[in-house]
Number of protein chains: 2
Amino acid sequence: MPSVLGRLRSVVGDEHVLTDPDLCAPYETDWTGRFHGHTHSVVRPATTAEVSEVLRICAAHGIPVVPQGGNTGLVGGSVPRGGELVLSLRRLDEIGPVDADHGEVVVGAGATLAAVRDAAVPAGWDVGVDLAARDSATIGGMVATNAGGSQLIRYGAMSRQVIGLEAVRADGTVIGRIPALRKDNVGYHWSGVLAGSEGTLAVITRVHLALVPLMTDRAVALVGVDDVETALRLVGRLRRSLPSLLSVEACFAEGVDLVCDHTGMPWPLETRTPVLLTIECGTSRAASSGDEAVDGLLEVLGEADEVRASAVATDEAGRARLWAYRDRHTETVSTLGVPHKLDVTIPFDALAAFHDEVVERVHAIAPDARVVQYGHLADGNIHVNILGPDPDDDAVDEAVLRLVVEVGGSISAEHGIGIAKRDSLALARSAGDIAAMRDLKHGLDPTVLLNPGVIFSTATYRT
Amino acid sequence: MPSVLGRLRSVVGDEHVLTDPDLCAPYETDWTGRFHGHTHSVVRPATTAEVSEVLRICAAHGIPVVPQGGNTGLVGGSVPRGGELVLSLRRLDEIGPVDADHGEVVVGAGATLAAVRDAAVPAGWDVGVDLAARDSATIGGMVATNAGGSQLIRYGAMSRQVIGLEAVRADGTVIGRIPALRKDNVGYHWSGVLAGSEGTLAVITRVHLALVPLMTDRAVALVGVDDVETALRLVGRLRRSLPSLLSVEACFAEGVDLVCDHTGMPWPLETRTPVLLTIECGTSRAASSGDEAVDGLLEVLGEADEVRASAVATDEAGRARLWAYRDRHTETVSTLGVPHKLDVTIPFDALAAFHDEVVERVHAIAPDARVVQYGHLADGNIHVNILGPDPDDDAVDEAVLRLVVEVGGSISAEHGIGIAKRDSLALARSAGDIAAMRDLKHGLDPTVLLNPGVIFSTATYRT
């Protein structure tokens with residue numbers, strides 16, 4: 001397709017159409033190493049107008065496109081399956097001036113979460129969603145996947161941070177409105193349609209973000225408890241009595257042992273307990289009359305019979321040290337092999353039983369598999385990591401997801417469907433619902449050029 | 001269509017298919033009296049399954065349907081235009097048990113806001129959106145129109161209160177998931193697609209609502225200031241320093257005079273000022289260490305040079321008395337004629353000029369028209385009410401909306417497009433954007449059976 005490449009080069013510049021396999025390689029494999037495919041070219045536009053032109057050219061030639069942000073997704077939704085063009089949005093990284101009065105900023109889809117936070121913090125604001133991949137994950141990708149992260153109980157998922165957005169359809173048409181208005185009911189809400197659509201309906205190019213007040217006091221506690229049941233009781237207490245609550249994360253002794261082995265960190269508490277909770281509170285200057293975050297947290301923990309051992313930190317280094325035991329699970333697991341990563345939500349009343357049952361179900365299929373669980377306990381969101389089974393063997397994945405559906409959970413809490421879970425979609429959604437999703441896809445991308453194979457396998461499209 | 005009526009009766013029961021013109025009349029005219037049409041029948045199903053059956057029958061016979069909740073909309077989106085069947089959702093009024101631990105409840109689309117609040121309050125929770133039509137407005141209608149109301153600065157619009165929903169497509173297919181999970185990224189988000197879609201894409205039948213903590217301390221201040229500029233400066237101060245802020249509403253001396261005439265209430269403050277702000281603060285028990293709401297409010301107001309006169313109330317009767325000056329504008333205006341109601345958002349930096357300019361633009365067309373403005377100042381959301389011009393003459397509406405677009409505002413802040421503003425849609429959205437909206441409509445309702453003529457005029461559909 002030399003003439004197509006020439007046209008693409010004339011739009012984005014020669015150096016931003018990559019065809020050299022070595023240069024394309026980083027765009028072809030996902031963060032976990034589990035999902036990879038081949039692309040003939042990676043195109044790196046810098047503006048919405050360039051994205052529009054690139055998509056117009058692709059549409060004219062029937063070339064399918066995989067939009068890619070920071071490529072930090074975990075379900076294979078941002079890497080080519082076979083032959084698609086990769087549209088990298090990372091050069092759309094402009095960050096507008098922060099509106100310090102109203103807590104708003106317009107950012108390019110390719111701006112990383114860390115870069116936006118760096119711009120917001122000096123103005124007294126922050127982004128409501130935080131996650132470990134903050135240095136690479138882009139705002140566009142986070143909206144397209146409706147990223148969740150560790151502060152969802154306080155601020156909601158990424159969709160809630162969006163005042164408005166601009167996007168480009170498969171045919172090159174620009175839709176949406178920037179700057180957006182917080183109160184604006186003029187027709188359909190593209191932010192509501194596109195958040196969580198995983199690049200299958202349109203390519204997000206700019207986002208008008210609502211920021212949250214910067215936390216000025218933060219306190220982190222690492223708390224050891226005896227079991228999941230007890231942990232959930234404590235979570236309920238914290239939620240009811242601590243408005244400053246930002247996060248309640250869980251990990252488990254076996255996982256913490258692996259993290260300690262990998263990092264050389266010591267066991268964090270004076271007592272060894274089966275369950276460890278990472279609890280963070282924070283208050284903003286406006287709301288605060290002093291050390292509310294730490295006082296409130298200490299008060300609740302002091303009265304909690306459930307707590308077997310605890311460590312608290314308020315300074316930045318100390319907080320980071322406590323968070324590391326939870327945060328470094330992901331990298332630790334990756335050093336042990338290519339994990340099957342299942343990101344699920346379990347209703348609270350089924351969570352304790354699920355924690356044990358999931359191991360049994362995995363071992364029934366793969367007796368030697370290692371199961372490492374951790375996650376956002378206050379949301380019921382557990383990341384089940386399974387090491388051992390071949391990356392291409394989906395048997396354990398399916399067994400876990402079936403269990404999740406049995407107990408009324410979600411087969412994808414925050415990572416989306418991608419290609420990893422598309423064959424399980426029918427477990428979670430009715431045939432009529434999936435047909436409606438296909439109709440929505442068909443309405444907005446009738447020739448299936450945007451991220452084909454993501455959410456639905458291509459065979460199920462109507463075309 | 002006797003055989004169709006027979007089939008409908010067999011689904012919902014004889015008494016719930018209304019054909020008598022006297023019985024149908026209340027469903028045919030909107031709250032303002034400005035929008036009305038004729039229907040051959042009003043069908044009142046009681047369950048999602050009945051809604052599905054009714055829509056299946058209508059689809060089979062090509063009968064267009066207008067979904068209707070409390071019929072409190074102000075843009076003609078819930079009354080028939082000519083010959084559609086009215087599908088009343090009011091009998092879907094079941095309210096499930098309130099989850100007191102997590103602040104959630106599943107409600108039928110026909111449950112009124114007031115009824116849901118009555119169920120939530122004893123459990124220590126409330127609904128984040130409040131509006132004057134609370135006794136009639138239904139939750140389904142509020143989601144379908146993405147209702148805003150007076151607490152948007154604190155809790156966001158209706159779309160933000162939705163954890164998940166269940167809806168029925170034009171062909172009778174049930175979509176969505178109830179109960180929903182707060183963290184659930186499995187495919188497209190129907191709540192994001194349907195919130196604000198005004199009944200044109202699917203009929204919402206049940207909603208899983210996120211509640212907000214019940215306010216235990218509330219304080220209301222009615223504050224007189226000299227002009228809009230000054231009022232906005234005060235709003236900025238309140239937003240930055242008062243986390244307990246729930247509402248900042250504005251009305252103006254001319255409107256308050258009308259309200260006083262209509263209600264017999266005296267002028268509310270010791271001094272007459274051109275602008276009156278209704279400010280409400282509230283704290284929940286968990287966050288509160290006493291009278292935070294009133295203390296914080298008094299402190300900020302005490303330091304504000306802008307305040308010319310003020311009255312504060314913390315008891316329920318006193319708060320209601322102060323709110324009445326703002327809340328009773330709507331009914332007062334209605335006693336003076338059939339108003340043209342334009343609900344717009346104006347960027348803050350253009351608001352003061354807009355307040356004067358809009359009167360000039362109206363008077364250029366209708367010199368004798370009376371313009372009454374009030375609204376949700378902290379959102380930049382102004383309700384422009386125009387009395388005088390014939391209800392069917394859209395010239396003043398168009399002049400106002402053109403001004404709104406000129407200054408970068410929204411032609412519909414919270415009421416939606418309905419039929420009232422569909423001809424102005426092209427002022428606010430690009431041709432490409434409108435084409436994308438039509439494609440979305442076409443994808444989900446290809447034969448245009450749901451609320452035809454709402455958002456787009458039927459002539460612009462692709463079919």
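**Two helices in chain A**

Reply: Helix α13 (residues 348-365) of chain A and helix α14 (residues 395-406) of chain A cross at roughly 145 degrees, and their axes come within 9 Å. Here axes are lines fitted to C-alpha atoms, for helices over the stretch in contact, and angles run from 0 to 180 degrees between N-to-C directions. Helices (H or I, at least four residues) and strands (E, at least two) are DSSP runs, numbered from the N terminus.

Before going on, a word on the source: this is a predicted model, where local features need pLDDT of at least 70, side-chain atom pairs count only at pLDDT 80 or more, and totals for chains, interfaces and linings use all residues. Residues are numbered from 1 along each chain as its sequence is written, chains are lettered from A and ligands numbered from 1 in the order in which they are written, and side-chain values use heavy atoms, with hydrogens and water left out.

Back to the helices: α13(A) passes α14(A) in a right-handed crossing (the near helix is turned clockwise from the far one by less than a right angle). On the α13(A) side, the contact (heavy atoms within 4.5 Å) is made by A:F354, A:E357, A:V358, A:R361, A:V362 and A:I365. From α14(A) come A:A395, A:V396, A:A399, A:V400, A:L403, A:V404 and A:E406. By class, that's 10 nonpolar, no polar and 3 charged residues. For those classes, Ala, Val, Leu, Ile, Met, Phe, Trp, Tyr, Cys and Pro count as nonpolar, Asp, Glu, Lys and Arg as charged, and the others, Gly among them, as polar.

Now look at chain B. Its helices α13 (residues 348-365) and α14 (residues 395-406) pack at an angle of about 145 degrees, with their axes 9 Å apart. The crossing of α13(B) and α14(B) is right-handed. Among the residues making this contact are B:F354 and B:R361 of α13(B) and B:L403 of α14(B). The contact of α13(B) with α14(B) has 10 nonpolar, no polar and 3 charged residues.

How do the chains meet? Chain A brings 69 residues to the contact and chain B brings 70 residues. The area buried between them is about 5,200 Å², and carbon and sulfur atoms give 56% of that. Buried area is the accessible area (1.4 Å probe) that two parts lose on being put together, summed over both. A:K183, A:N185 and A:Y188 supply 20% of the area that chain A buries against chain B, more than any other three residues.
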